[in-house]
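I open this notebook to record what I looked up in one structure.

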Amino acid sequence: MNNKHNNDQFLQTFVSLFRFGGSHHQGVFSRFVAVLCIWLSGPLLLSGCKTLAESTAEFYQESLSANEQWAVIPFTNRSTEMPDDFSVQLERIVRVQLPSKGVASTSVYQQPRNTVRVPGTAKDAYNLERTRVWAISNGVRYTISGNVHEWQYDEEMRLSISLDLHVFDLDSGEEVWSIDGMATGDRNESAYDVSRKLIVDLLAAMPIGQ
């Protein structure tokens with residue numbers, strides 16, 4: 001991988017560091033040092049399936065409870081290349097991986113058929129509110145979802161995917177954890193395998209307690 005790509009990747013990561021918790025200077029600085037080390041050792045770390053992730057986990061004072069009811073809600077596809085139906089695969093990957101974090105009770109939100117015509121600009125907000133109402137009525141404490149920002153193949157058929165994950169606590173009505181990352185697979189590696197490895201790496205940073 002050439003230096004220009006590494007530099008571009010570092011700059012994108014550097015910008016993302018300051019997107020979260022700007023007042024936490026010490027935490028931001030430590031994250032900057034960690035990412036700088038990753039960038040400098042790029043030729044070693046960027047062989048095979050490559051993953052780069054940024055987490056806001058250290059800014060949260062309390063762990064998320066594994067004993068509460070969790071729900072996986074639909075991913076939002078913000079890329080122009082990823083097939084819309086692959087979002088279902090991403091949701092399944094998250095649900096399968098949550099037990100490894102100690103989460104025993106997980107449900108999957110099934111999007112109901114629209115009975116109300118909603119303008120395109122308001123559709124996301126409308127679906128989010130429907131999801132929130134469904135989760136509360138089903139005793140869900142935490143919802144986990146994601147946004148796919150990039151999905152593309154290069155000339156050697158290596159998939160690059162960029163996505164974020166976020167968890168909402170419905171008791172407080174706040175986002176309590178988020179992380180974003182990107183990965184590039186090997187030549188002809190399946191989209192499922194590349195996505196699974198990325199999601200596994202991202203979920204590994206999620207703070208879970210009892």
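**Entry 1: the model.** I note that this is a predicted model, in which local features need pLDDT of at least 70 and side-chain atom pairs count only at pLDDT 80 or more, while totals for chains, interfaces and linings use all residues. Residues are numbered from 1 along each chain as its sequence is written, and side-chain values use heavy atoms, with hydrogens and water left out.

**Entry 2: the whole chain.** I looked up the secondary structure and found 6 helices and 9 strands in the protein chain. Helices (H or I, at least four residues) and strands (E, at least two) are DSSP runs, numbered from the N terminus. Of the 210 residues, 42% are buried; buried means under 20% relative accessible area, exposed over 50%, and partly exposed in between, with a 1.4 Å probe and protein chains only. The chain exposes about 11,800 Å², and carbon and sulfur atoms supply 52% of that area (Shrake-Rupley method, 1.4 Å probe). Among contacts (heavy atoms within 4.5 Å) with a separation of 6 or more, 67% join residues 24 or more positions apart.

**Entry 3: helices α4 and α6.** Two packed helices are described by the angle between their axes and the distance between the axes. I read that α4 (residues 86-97) and α6 (residues 191-203) have axes that come within 10 Å and cross at roughly 45°. Axes are lines fitted to C-alpha atoms, for helices over the stretch in contact, and angles run from 0 to 180 degrees between N-to-C directions. The two helices are therefore oblique to each other; angles under 35 degrees count as roughly parallel, over 145 as roughly antiparallel, 65 to 115 as roughly perpendicular and the rest as oblique.

Which residues of α4 meet α6? I list Phe-86, Gln-89, Leu-90, Ile-93, Val-94 and Gln-97. Their partners in α6 include Tyr-192, Ser-195, Arg-196 and Ile-199.

**Entry 4: Gln-97.** Is Gln-97 buried or exposed? Gln-97, in helix α4, has a relative accessible area of 18% and therefore counts as buried. Leaving aside residues up to four places away in sequence, Gln-97 touches Val-200 and Leu-203.

**Entry 5: two positive phi values.** Met-157 is a residue other than glycine with a positive phi, near 60°. Met-157 lies in the loop between β6 (142-153) and β7 (159-169) and is partly exposed, at 41% relative accessible area. Asn-188, also not a glycine, has a positive phi near 65°. I located Asn-188 in the loop between β8 (174-184) and α6, where its 59% relative accessibility makes Asn-188 exposed.
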